[in-house]
Structure formats: C-alpha cells, structure tokens
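Look first at the sequence and the structure shown below.

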Amino acid sequence: MRSEKINRVPLGLKIAAAAGLAFMHLPILLIFLYAFTTEEKTYQFPPPGLTTQWFAVAWNRPDVWAALTLSVKVAAIATAAALVLGTLCAAAVSQTRFFGRETVSLLIILPIALPGIITGIALRSAFSIADIPFSFWTIVLGHATFCIVVVYNNAVARFRRISGSLVEASMDLGADGFQTFRYVILPNIGTALLAGGMLAFALSFDEVIVTTFTAGQQSTLPIWMLEELIRPRQRPVTNVVAMIVVIVTFLPILGAYYLTRDGDQIAGAGK
Amino acid sequence: MTVVAESFVLPERRGTAGRLSDFFWRHPHVLLTVLLGPPLLWLGIVYLGSLFALLLQSFFSIDEFSGLINYEFTLATYRQLFSEANLDIILRTVSMAALVTLVSALVAFPIAYYAARYARGKWKALFYLAVMLPLWSSYLVKVYAWKLILAKEGILTWFFEKLNVLWLLDAWLALPVVGGNSLSVSYTGTFIVFVYVWMPFMILPIQAALERVPANLVEASSDLGGTPAQTFRHVLFPLALPGIVAGSIFTFSLTLGDYIIPQIVGSSRLFIGQAVYAQQGTAGNIPLAAAFTVVPIVIMGAYLWMAKRMGAFDAL
Amino acid sequence: MTTAVLFDNVSRHFGAVRAVDRVNLSIAEGEFFAMLGPSGSGKTTCLRLMAGFEQPTAGHIEIFGETAEGVPPYRRSVNTVFQDYALFPHLSILDNVAYGLMVKGIGREERRKAAEDALAMVKLPSYGARRPGQLSGGQRQRVALARALVNKPKVLLLDEPLGALDLKLREQMQEELKSLQKSLGITFVFVTHDQGEALSMADRIAVFNEGRIQQLGRPEDVYNRPTTRFVADFVGSSNVLSAKLCQRLGLKTASASLRPESVAIAPAADGALSLSGVVAGRSFLGATNRIVVDVDGNRIAVASPAAQSVPAMGTPVTISFAARDLHPMEDA
Ligand SMILES: Nc1ncnc2c1ncn2[C@@H]1O[C@H](COP(=O)(O)OP(=O)(O)OP(=O)(O)O)[C@@H](O)[C@H]1O
Ligand SMILES: [Mg+2]
C-alpha cells in the first residue's frame with residue numbers, strides 16, 4: 001500500500017488534468033449536438049431547434065453510401081494485407097536472431113514516423129513513373145503500407161510475452177513448425193492480432209492525407225468529408241456523417257482495448 | 001506405460017507439411033527469408049523505392065516554358081527552394097510545429113502526471129480510454145468540430161458574448177500576425193486546432209516515462225525539504241523528459257507535414273504541406289514539391305537522432 | 001546393456017563462450033543420470049543438445065545407437081521437463097498432457113484415456129479440466145512430468161525440475177521421481193545444481209565446470225573420492241591437503257582430499273595418520289559441530305558429533321584419520 005501522502009492530489013493538478021480532458025472531449029461531444037440541429041446554412045450556436053430528420057436525409061444519400069462502402073472495402077483489404085505482412089515481420093523479428101533486426105523495425109515504423117504527405121506524394125509519383133493508373137488498389141496499397149506497423153507493434157508485444165520455452169515445449173512434444181504455429185503460437189497471439197487488425201481498420205477507415213494522393217477520382221468517406229469541409233454543400237448531412245464516423249471508429253478502439261487490457265502493453269499507444 | 005517407442009528417431013509426418021517443416025528446420029535461413037521476404041519487398045521496394053524516386057526528382061528541374069520535367073541533374077530546384085518566399089514558408093511551419101509541441105507538452109503533462117501517479121485500478125483504465133478515444137477518433141471529424149466551434153456564429157463567440165467579454169476576442173483578432181477576420185481564418189485558430197489534434201499523442205509517452213519514476217523518489221525529494229516547484233524542476237522534469245521528447249516526435253512531425261488543417265482553419269499563407277500539395281498538384285512542379293519534402297525529412301532525421309541520444313525511444 | 005546417450009568429444013561454442021567443451025559421456029538405458037554443476041557450467045546446453053534444440057559445433061552424439069545430429073527435436077523420442085514447466089496457458093491440463101499424442105494424430109478418445117492415466121500416475125487424477133494458471137507450483141511440475149511421460153520417451157530430460165519448489169515438497173518429489181523412474185524403466189537425465197539432490201537420486205553423476213566434465217561416477221565415489229579440487233570443493237566441501245602436507249604424511253601426489261567426517265579430534269590410533277594444529281573456528285550445524293583446525297596454514301574442517309565437547313578457540317589439538325580416507329587428486 002502506498003502512503004497517505006501520495007494519495008492526496010494537489011488541487012491545481014486536479015484542475016489542470018480535468019481541464020485538459022475536457023478540452024479533448026467537449027469538441028467531439030459538440031459533433032453529437034450538431035447532428036440534431038435544425039439550422040441548415042450556418043454553424044449557429046445554440047441550435048435554434050432539434051430534429052432527427054437529417055438522419056433520414058443522410059440515409060438516402062447515394063454518395064454517402066458509396067463513400068462509406070468504398071472506405072469499408074479499402075480498410076478491410078488493407079487490414080488483411082497488413083495482418084499478413086505485420087505478423088510475418090513480427091514473427092521473424094521476435095522468433096529468430098538475425099543481423100539487421102533494428103533496421104527492419106525502423107523500416108516498418110518509417111511510414112508513420114514521416115509526415116503522411118511524404119508517403120502520399122512518394123507513392124503518387126511512383127505510380128506515375130510506373131504508369132499505374134489510380135484505382136481501388138492504389139488506395140489499398142497506400143493504406144496497407146502504414147497499417148503494417150500497427151499490427152506489427154501489437155504482435156511483437158505479444159510475442160515478447162509468450163515465453164520462448166512454449167515453442168520449444170511444443171517441438172519437444174513432437175509438433176513440427178506448422179503444428180506449433182497452428183496449436184501454440186496462433187492461439188496465443190490471436191487476440192493481439194485481432195486487436196492490431198481492429199486498430200489498422202480504424203486507421204485506414206479514417207485516413208485522408210495519403211488517400212488524397214493515391215485515390216484518383218474515387219472518394220472514400222474521409223475524402224467525402226474533406227470536400228464537404230472545403231466546399232460545404234449540405235451541412236446537416238455532414239454533421240450526421242461526422243457523428244456516425246465518431247461512433248464507427250470508437251467501436252474497434254474499444255474492442256482492441258478489451259482484447260489486450262490484461263497485458264502490460266496495450267494496443268494503440270502509438271498511432 | 002512401460003512400452004517405449006521402437007526407435008529414437010520418430011517417423012516423419014506424412015505429406016508436404018511434414019517435409020517442408022523438416023526442410024525449414026534444417027535451413028533456418030530459408031525460413032527467415034520466407035518470413036521477411038513479403039514485408040521487406042513491400043516496404044523496401046514499394047515504399048522505400050517510391051521515397052527514393054521522389055528524392056531523386058528533387059535533383060531535376062522543371063522547364064519553364066513547356067512545364068515538363070527536365071531529367072538532368074541540377075541543384076536549381078534547391079536554389080528555388082531557398083528563395084525568400086519559400087524560406088518564409090519553412091520558417092512559418094517550423095515555428096508553428098515548435099510552438100504546438102511546446103503547448104501540447106504543457107497541456108498533456110498534468111493529464112499524464114495524474115494518470116501515472118494518482119489514478120489506480122478502474123480509474124486508470126478509464127483515464128487510458130479517455131486518452132485513447134480522442135487520439136483515435138477521426139482526424140477530419142476533429143477538424144470539423146473546430147470549424148463549428150471557431151465559426152463566427154459558433155459556440156466560442158456565443159460563450160464570449162454570454163460572459164460579456166466579446167471585446168477581448170475582438171482585441172485579440174485585431175492583433176497583427178495572430179489575428180484576422182475571425183478565429184477560423186487566423187493563425188490562432190490554426191494553432192488551436194493543431195494543438196487539439198496532436199496533443200493526445202503526447203500524453204501516453206509522458207505517462208510511460210513518469211510511471212518509471214519510483215514514487216518514493218518524489219517523496220524523498222519533499223522529505224529532504226524540496227518545495228513542490230523544486231521537486232518538479234530537479235526530479236520530475238528530468239525524468240519525464242525522454243517521454244516528452246518521444247511525444248514531441250509525433251506532435252512535431254505531424255504538424256510539419258499537415259496540409260489540411262491550415263487549409264481549413266487558417267489564413268491564406270502557406271505551410272510546407274500546402275506548398276508540397278500545391279506544387280505537385282496545380283503547379284505541376286514535382287521537382288520543387290520533392291525538394292520541399294526533403295525539409296521535413298531532414299528536420300525529422302536530425303530530431304530523431306537527437307531523441308535517440310536522449311533515450312527517448314525507450315519511452316515510446 | 002544398451003547405451004542410451006553417447007557424447008563423443010562434443011563441443012558447443014557460442015562465439016568465444018565454450019558452453020560445452022569436449023564432453024565424453026555414455027548413459028546406460030534405464031539409468032538415472034544426474035548432471036551437477038554451478039550456474040553457467042553447461043548443463044542446460046548439454047540437455048538441449050540431447051533434445052535437439054542445439055547442434056554440436058564439434059563431436060558426435062548418438063542416442064540409442066542412432067546419430068542425433070540433424071534430427072529435429074520433434075522427431076526425437078526424447079522429452080523434456082522444462083525448468084519453468086512451459087505449460088501451454090491456453091489449454092486445459094488434460095489437453096496439455098494430451099498435446100504430444102494430439103500432434104501425432106492419435107484419436108480423441110484414446111488420447112484422453114492416456115492423458116487421464118498419466119495424470120493419475122502423477123497423483124492429479126481430477127485436475128484435467130483446470131487451466132495451468134489454477135495450479136500450484138508443485139502441481140504444475142507434476143503436469144509437466146505427465147505431459148512428457150505420456151509420450152513414452154526413450155529418454156526423459158529434466159532441467160532443474162524441482163528448483164522452484166520449497167524444501168519439503170522438494171524432498172517428497174525427489175522420492176516420487178525416483179520411484180517413478182524405477183517403475184517405468186525410462187532413462188532419466190536430470191540437471192541440478194543441488195549436490196544433495198544429485199547424490200540422493202542419481203545412479204551416476206557427472207560434475208560440470210566451465211563446460212567440461214570434472215568427474216563422472218557413482219554418487220559415493222564423487223562424494224568420497226573427488227578427483228579434482230573443484231569437485232572436492234563443490235560436492236560436500238571436502239578438505240584439500242596441499243602437496244607439502246601430503247609429503248609430510250608420506251604421500252607423493254599434487255594434492256589429496258579428505259572428508260570432514262573422516263577426521264577426528266583425537267590422538268592417532270594404530271595405523272592412523274595424524275597432524276597437529278590449533279582450533280581456528282567452530283560452528284554448530286545441528287547434528288554435528290564443524291571445527292576448523294589450522295595446520296601450518298592449511299585449514300582442515302572436522303565434523304565432530306554434536307555430543308562431543310568442542311575445544312576452545314586457539315587450543316592446540318591433534319587430528320587423526322585413516323590412511324585409506326585420504327584420496328590423491330589430479331590437480332594442485
Ligand atoms: N544461446 C546462447 N548464446 C550465447 N551463449 C550461451 C547461449 N546459451 C548458453 N550460453 C552460455 O553458455 C554457458 C553455459 O550455459 P548453460 O545454460 O548450459 O549453463 P547451466 O549450467 O545450465 O547454468 P544454470 O545452472 O544457470 O542453468 C553460459 O556461459 C551461457 O551464458
Ligand atoms: Mg540451466
């Protein structure tokens with residue numbers, strides 16, 4: 001037990017921490033309020049009245065649906081690719097010893113350590129040099145590149161927690177490499193991979209900077225939002241979509257948190 | 001139970017899986033290649049290759065008349081990069097990134113300190129989620145939220161009005177440089193949104209660094225007669241510094257490269273990200289865009305090198 | 001008698017570290033073989049060479065007459081009880097025990113039956129449904145044992161299996177392991193750094209130091225007749241008599257060992273050897289007193305029964321012992 005002294009929180013600290021948290025959360029809550037406003041032309045506060053009609057309007061907008069479908073498709077495929085590549089990398093780095101391990105870790109982190117615009121413009125100019133037309137797949141390619149690190153981080157943390165002797169115990173009992181992977185490694189890293197996959201999905205679902213460079217004519221949901229931000233057309237619909245995006249991204253984050261919470265390392269500490 | 005296997009060497013598992021397993025076991029390097037091959041091909045060739053190709057283009061130039069790229073080695077583009085107008089953009093961006101980092105650290109520290117030192121059990125989990133959710137929620141939605149807040153008819157103006165201090169806001173907006181027509185088209189607005197969007201990245205690294213400080217160290221300092229301010233300056237701050245530096249890698253890098261926030265909330269003067277975007281897009285000057293991207297790469301390279309020397313990576 | 005494990009000049013070096021260095025040994029089928037040595041002396045590496053997790057950098061290993069090099073661990077009829085037990089946390093106890101049979105493709109019913117029998121053998125018959133996290137250290141140790149034995153290995157390797165248990169449980173497990181080994185007739189190779197454990201359980205002991213075998217023999221030989229100074233010191237703390245003292249006693253060797261129990265504080269009887277010195281230390285050890293006598297700078301420990309009176313510090317005394325208890329050694 002800690003001493004009494006340590007549990008007495010200085011008032012100033014309490015206020016500063018509370019203010020900081022309020023600063024982080026209030027703007028997001030405001031989004032929820034605006035989704036119900038009756039005002040169409042401006043961002044007037046307080047809203048002159050409340051209504052749920054914009055949900056129906058948004059529901060019937062084919063462009064919103066198209067953007068949403070594209071985003072989900074891109075995120076799903078990018079996540080799948082990132083899961084495979086990130087897991088392979090994590091397995092190699094933590095299960096074997098080889099020269100240049102540090103370099104591999106650095107290479108994986110690079111796509112998120114460098115500003116997104118650099119990744120985006122680099123890929124775009126590479127596509128144009130290689131004469132690859134923009135398509136669904138160019139978007140996926142960009143997204144998978146920066147999603148790998150999320151899966152990798154989660155998998156490596158979990159690999160570190162399963163003791164090396166489990167793998168040896170399995171081989172000792174007669175299981176070859178594939179059987180050991182199937183019966184020992186996979187069940188032990190499964191939740192970490194699931195968590196990593198959810199975070200990767202959230203990351204991809206929300207990505208806009210790289211996407212503007214790799215998307216061509218198609219618009220994902222964030223691109224749709226961006227256009228609405230620059231040239232607002234129907235503000236109430238944007239309000240509703242913003243609220244839905246908040247909710248949709250919260251779910252995988254909460255899921256990832258519950259999947260990894262009993263470990264000392266928790267998923268998503270570095271986005 | 002006493003019957004033992006016939007022979008010491010057990011039979012091979014039937015099928016390709018068995019044979020492949022034996023092969024991998026005898027040739028671990030092949031296995032390593034199989035594991036590392038796909039991700040390294042992807043990142044090493046697709047990603048690094050693109051990056052390298054981009055950097056290469058910064059050594060080409062654009063033909064002023066035809067608007068086509070002249071594929072000859074030249075430093076002309078870099079000379080162009082260091083023209084006064086462009087230096088202005090670089091300086092503006094770097095100062096903004098530094099200021100955003102500083103203020104983010106100030107806002108993040110109390111939250112991280114509370115979470116590391118006082119929050120226990122359920123509260124700790126709640127704190128963690130309270131940081132994680134804004135961190136991971138949609139970037140564009142966050143920017144959008146601030147567009148709502150900073151708008152002339154928005155909540156902030158309403159709030160100042162209710163407090164009868166609208167003149168304060170007007171006085172601030174009348175100031176040169178930081179002011180403007182309204183908050184949403186001023187540097188002040190850009191700055192607030194930057195801090196809001198990137199600050200959460202600062203909290204977890206600081207918290208991790210602080211959690212490594214043994215609680216009795218703080219007690220020892222106050223037992224030895226240190227005032228809270230002294231304890232903070234001589235004990236807490238130096239120990240939390242690697243965490244702050246680790247967090248600042250994100251806030252600094254993300255601010256350096258962002259082009260959406262200043263476009264949506266801000267004045268018409270450009271930041272590096274916007275310049276890159278404009279050069280490669282409307283201007284079609286890929287070499288200059290490439291040269292512009294070299295700036296954040298060099299700055300971040302130097303920054304990471306410094307951070308590594310300070311041991312900041314342990315706090316990531 | 002078949003040879004179960006044969007090491008022919010086996011070395012395993014990690015760069016400059018000679019974890020195992022030119023080791024020769026041969027373990028007979030059905031033998032309880034102990035490897036004893038201080039931390040870092042190469043015992044675990046030897047076991048891993050037998051299990052197939054390491055390959056020798058030089059030399060040759062045979063197990064039951066077959067070459068072991070190049071045979072993957074999963075194709076060796078050798079099983080290991082790991083020091084940290086390495087039970088699979090995601091499987092029930094029953095599934096843990098049945099794991100080896102499962103990967104060999106044995107049917108569900110049959111392997112359940114075999115696993116239950118194995119659990120009964122280690123006296124945990126009704127624990128199959130639990131998870132490893134719900135067992136005590138001693139129980140986990142038994143599960144690890146059952147999990148290895150259910151495969152009916154030709155050799156069972158145990159790496160300090162009792163290291164994490166408290167003293168009482170340890171003694172109980174020592175007896176159980178010993179009788180299990182006798183009834184199953186499986187060759188056991190047992191690693192420990194506790195000399196008492198090795199002496200009480202093993203048929204033969206190999207004493208390791210710095211990757212080499214210092215002495216290999218029956219427990220009583222290793223205990224009573226250490227052949228090197230290291231063994232004399234490490235196994236039961238024998239006295240080591242210097243060359244000069246040996247000479248004075250009429251012995252022409254570099255050094256000699258002498259067990260404290262073989263020495264008495266008494267004038268020499270017929271045919272016995274004697275030395276004189278002063279009492280330089282005394283401590284009470286329960287059943288015996290340990291008295292250190294200084295003979296011209298040589299400190300010789302004497303174990304005297306607790307009933308006997310203990311001479312005061314500095315008292316001049318004569319110590320005596322039989323000539324046959326003095327064992328010549330190879331090194332000085
Ligand atoms: N994979 C390895 N790489 C480098 N050195 C190693 C490796 N494995 C063992 N060693 C070294 O070999 C020596 C012998 O190690 P080993 O584990 O066999 O000792 P041990 O007798 O089992 O010790 P302990 O009683 O502490 O378990 C040690 O110095 C160890 O550091
Ligand atoms: Mg060992």
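**Chains and interfaces**

Q: How many salt bridges does the rule find across the interface of chain B and chain A?
A: This is a predicted model, in which local features need pLDDT of at least 70, side-chain atom pairs count only at pLDDT 80 or more, and totals for chains, interfaces and linings use all residues. Residues are numbered from 1 along each chain as its sequence is written, chains are lettered from A and ligands numbered from 1 in the order in which they are written, and side-chain values use heavy atoms, with hydrogens and water left out. A salt bridge is a side-chain nitrogen of Lys or Arg within 4 Å of a carboxyl oxygen of Asp or Glu. Between chain B and chain A, the number found by this rule is 0.

Q: Which helix of chain B gives the most to the side that touches chain A?
A: The side of chain B that touches chain A has 63 nonpolar, 14 polar and 8 charged residues (Ala, Val, Leu, Ile, Met, Phe, Trp, Tyr, Cys and Pro count as nonpolar, Asp, Glu, Lys and Arg as charged, and the others, Gly among them, as polar). Helices are DSSP runs of H or I with at least four residues, and strands are runs of E with at least two, numbered from the N terminus. With 17 residues, the helix that gives the most to this side is α2 (residues 28–57).

Q: What area do chain B and chain A bury between them?
A: Contact means heavy atoms within 4.5 Å, and 85 residues of chain B are in contact with 90 residues of chain A. Buried area is the accessible area (1.4 Å probe) that two parts lose on being put together, summed over both. Carbon and sulfur atoms hold 79% of it, and the total is about 8300 Å².

Q: How many helices does chain A have?
A: The C-alpha trace of chain A spans about 70 × 70 × 30 Å along its principal axes. Its secondary structure has 0 strands, and the number of helices is 12.
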